[in-house]
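I opened this entry to record what I looked up, one item at a time. The sequence and the coordinates come first.

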Amino acid sequence: MNTKETVLLAARLADEQKAEDVKVIDLKGLSSLCDFVVIATVTSRPHLEAVEDNVSRELKQLGVFKTSRDGGESNSWRVSDYGNFMLHLMTNDAREFYALEKIFSFGKIISWQKPVKKAAPKKKTAVRKTAKKPAAKKKK
């Protein structure tokens, strides 16, 4: 699994735990800090911990581990550094105050949701009309 796929998975995992307004910002080649940033809003400390634990547990199963973590005592912001990407889980107040989207506005926000596959339109098949054979005349 490459870095981008891992980042998109982390965003989906946060969303599965009801994190809100999940954003993935592509900074590849633009920042020496990391290649991607994931930012998500949580509603409380227990929610923050649940989202962080779920993402961490699922990524560990894939062999992706945090290199560091900050904000362990914070009720409003937790940062998990995975080397090539960082996961920021923040309450709405912290997210508005720190405005990370503005700080990283030089990056490109990318879609993390799986595209919905549309069913291919059914091909219309030509119906071949065949001429009806005239009914055989009855003998009298």
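Which strands and helices do the buried residues of H1 pack against? I keep in mind that this is a predicted model. I find strand E1 (20-26), strand E2 (36-42), helix H2 (45-61), strand E5 (85-91) and strand E6 (108-110) as the partners of those buried H1 residues.

**Helix H1**

I listed the buried residues of H1 next. They are Thr6, Val7, Leu8, Ala10, Ala11, Leu13 and Ala14.

I then checked the length of H1, which covers residues 3-16. At 1.5 Å a residue, its 14 residues should span 20 Å.

I looked at what flanks the helix. Asn2 caps the N-terminal end of H1. A side-chain oxygen of Asn2 lies 3.1 Å from the backbone nitrogen of Lys4. After H1 comes Lys18, and its phi is positive, near 70 degrees.

**Nonpolar cores**

I asked how many residues the largest nonpolar core has. It has 24. Val24, Val38, Val55, Leu59 and Phe85 have the most contacts inside this core. H1, E1, E2, H2 and E5 each supply at least two of its residues. H1 gives the most, with six residues.

**Aromatic rings**

I searched the whole structure for aromatic pairs and got four. One of them is Trp77 with Tyr98, a tilted pair. Their centres are 4.4 Å apart, with 45 degrees between the planes. Trp77 lies in strand E4 (residues 77-81) and Tyr98 in helix H3 (residues 92-98), so the pair ties together parts that are 21 residues apart in sequence. Ring pairs also link Trp77, Phe97 and Tyr98 into a cluster.

Why does Tyr98 count as partly exposed? Its relative accessibility is 37%, and partly exposed covers values between the buried limit of 20% and the exposed limit of 50%.

**Thr91**

Is Thr91 buried or exposed? I get 15% relative accessibility, so Thr91 counts as buried. Its place is in strand E5. Not counting residues up to four places away in sequence, Thr91 touches Thr41, Val42, Asn75 and Ser76.

Terms used: Residues are numbered from 1 along each chain as its sequence is written. This is a predicted model: local features need pLDDT of at least 70, side-chain atom pairs count only at pLDDT 80 or more; totals for chains, interfaces and linings use all residues. Side-chain values use heavy atoms; hydrogens and water are left out. Helices (H or I, at least four residues) and strands (E, at least two) are DSSP runs, numbered from the N terminus. The expected span of a helix is 1.5 Å times one less than its number of residues. Buried means under 20% relative accessible area, exposed over 50%, partly exposed in between (1.4 Å probe, protein chains only). Contact means heavy atoms within 4.5 Å. A polar contact is a pair of N or O atoms within 3.5 Å; within protein, one must be able to donate a hydrogen and the other to accept it, and residues adjacent in sequence count only if both atoms are side-chain atoms. A nonpolar core is a set of buried Ala, Val, Leu, Ile, Met, Phe, Trp, Tyr and Cys residues joined through side-chain atoms within 4.5 Å. Rings of Phe, Tyr and Trp (its six-membered ring) pair if their centres lie within 6.5 Å; planes under 30 degrees apart count as stacked, over 60 as edge-to-face and the rest as tilted.
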